[in-house]
There are 2 protein chains.
Amino acid sequence: MLVNGEQFKTIAIMDRGFQYGDGLFETIEVRQNTPIFLEQHLQRLNNDSQRLLLPKLDFDLLRSEISELCQNAGNAVLKIIVTRGEGGRGYRQPENIEPTRVLSLHPFPDYPKNYYTDGIVARVCNARLGLNPTLSGMKHLNRLEQVLARAEWKDTAIQEGIMLDFNERVIEGTMTNLFYAKNGELFTASLNLCGIAGILRGWISEQMRVNEQDFFLDDLREADEIFVCNSIMGICGVRQIENQNFTVGEITKKLQFALESAKQKQVSYAIK
Amino acid sequence: MLVNGEQFKTIAIMDRGFQYGDGLFETIEVRQNTPIFLEQHLQRLNNDSQRLLLPKLDFDLLRSEISELCQNAGNAVLKIIVTRGEGGRGYRQPENIEPTRVLSLHPFPDYPKNYYTDGIVARVCNARLGLNPTLSGMKHLNRLEQVLARAEWKDTAIQEGIMLDFNERVIEGTMTNLFYAKNGELFTASLNLCGIAGILRGWISEQMRVNEQDFFLDDLREADEIFVCNSIMGICGVRQIENQNFTVGEITKKLQFALESAKQKQVSYAIK
């Protein structure tokens, strides 16, 4: 782990990341020492840190620390946390504050192959996502909604929980974005009031036309295919939601294939 | 500072308080070594930790640490943070997790006397509180809404920002609860969808009848008196909101007096 470039396993108690969740994070797949979709992750970090009015980040420094940490990482998960830094008891941010950056490597989770071929099982969470346009879309450190939603089940046969918002719209999974296909068209929730704008969600909308719109559980029940995605898990079809079965369909498979190619291309490019 | 009873100024990076804001806090006035309204703070901590499904806290241990820290504190601010503890990359909480408790003392802020006699100046924040019944009322560590609201102004002549929710209802200040009086009756926002249930807010509703109901800026503009309160600042009349003037009225003064008596009683009782 690197905290502001130095090897630490701890952070100051007065860091605003700890005091208020006052910061952002990125979770990045590292494959053969190569951080996948790194540019997109750094771009989001930059955009979100402007929205949060965080002090300016030194992206050159961040890049060099990422290289350092990943050079022998093999296959791993790289987590980047950026906070507003240390300062003050109270919500007001002090002048001339220095952001804190924390880079850590974690083992890459060993997802079973059948998550990709047969799909995963999902349930519908009771906890609702709150509506908050000021924070929606951002991958910030205020994640109690997801923690509480994930605490609703312990059954290891269920891999993901689908989260609705306060108005019963389907938004995303606890740790994934969610898409469904109907009559050859792809749909996902608009994130103007809640939800996290995932990197793969953005990548998918560059591969094919995606309708960002409101939808409900009834729409999902009539879907031809459903899949979830995040930067670590990739794209997984959903084969079951609350006793209703679905098939991993052609659109899901096509996107899985394209994603794998894109990742391999990035790895080969990095090795050259 | 005490972290799980030992003197540390740092916390593990993998603590879920830092990773996800997965925890709670209390901010307590210490007067002549006596934590004011301690029972009420510990009661809220207990209630909220059950709502958050935190691992069970050892309140006897917590009490003894509070005594240890406060015995020579004089007048100070005691902050207690309780998190779900260390564990896991991912929202799922591991089994057998141990909560982390962090106790810290801070200088008591030197509020000018005229905050209490003449009242404070408030503005109306642009940032809106999100609607989230799962989290509303709790003093949890996900405080980005307040951080962003407090970042809206730097003018030191303004002491507090009034926050509306997503439906334009007036809820609270960035760091206080808000009340208004009209025709001898007292009103405050219901916190079923957002807001923090402050200890003084609870104490006030034990002193006199409070109507918890929805209200809007127009209602506030026609108020006879307005005041804000929190455990550190106490009760302060609001003398100005966005160019409209108000007077610190009799209800505010009566409650200020009763609060001061209640605090002095607790201090005398502790000293005996």
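Which residue in strand 3 of chain B is the bridge partner of A:Thr10? In this predicted model, that partner is B:Ala12. The pair belongs to a bit of sheet that crosses between the chains: strand 3 of chain A and strand 3 of chain B (residues 10–12) run antiparallel to each other, with 3 bridges between them.

Now for the wider interface. Chain A puts 43 residues in contact with 43 residues of chain B. On the chain A side, at least two residues each come from strand 3 (10–12), helix 1 (16–20), strand 6 (76–83), strand 7 (100–107) and helix 5 (144–150). Helix 5 of chain A gives the most to that side, with 6 residues. Sorted by type, the chain A residues touching chain B are 20 nonpolar, 14 polar and 9 charged.

There are also a couple of backbone spots to look at. A:Leu53 has a positive phi despite not being glycine, and so does B:Phe37. Here they are side by side:

B:Phe37 is buried, because 21 C-beta neighbours sit inside 10 Å, and 20 or more is what it takes to be called buried.

Technical notes: Residues are numbered from 1 along each chain as its sequence is written. Chains are lettered from A and ligands numbered from 1 in the order in which they are written. This is a predicted model: local features need pLDDT of at least 70, side-chain atom pairs count only at pLDDT 80 or more; totals for chains, interfaces and linings use all residues. A residue is buried if 20 or more other C-beta atoms lie within 10 Å of its own, exposed if 12 or fewer, and partly exposed in between; C-beta atoms are placed from the backbone. Two residues are in contact if their C-beta atoms, placed from the backbone, lie within 7 Å. Helices (H or I, at least four residues) and strands (E, at least two) are DSSP runs, numbered from the N terminus. Ala, Val, Leu, Ile, Met, Phe, Trp, Tyr, Cys and Pro count as nonpolar, Asp, Glu, Lys and Arg as charged, and the others, Gly among them, as polar. Two strands pair if DSSP finds at least two bridges between them.
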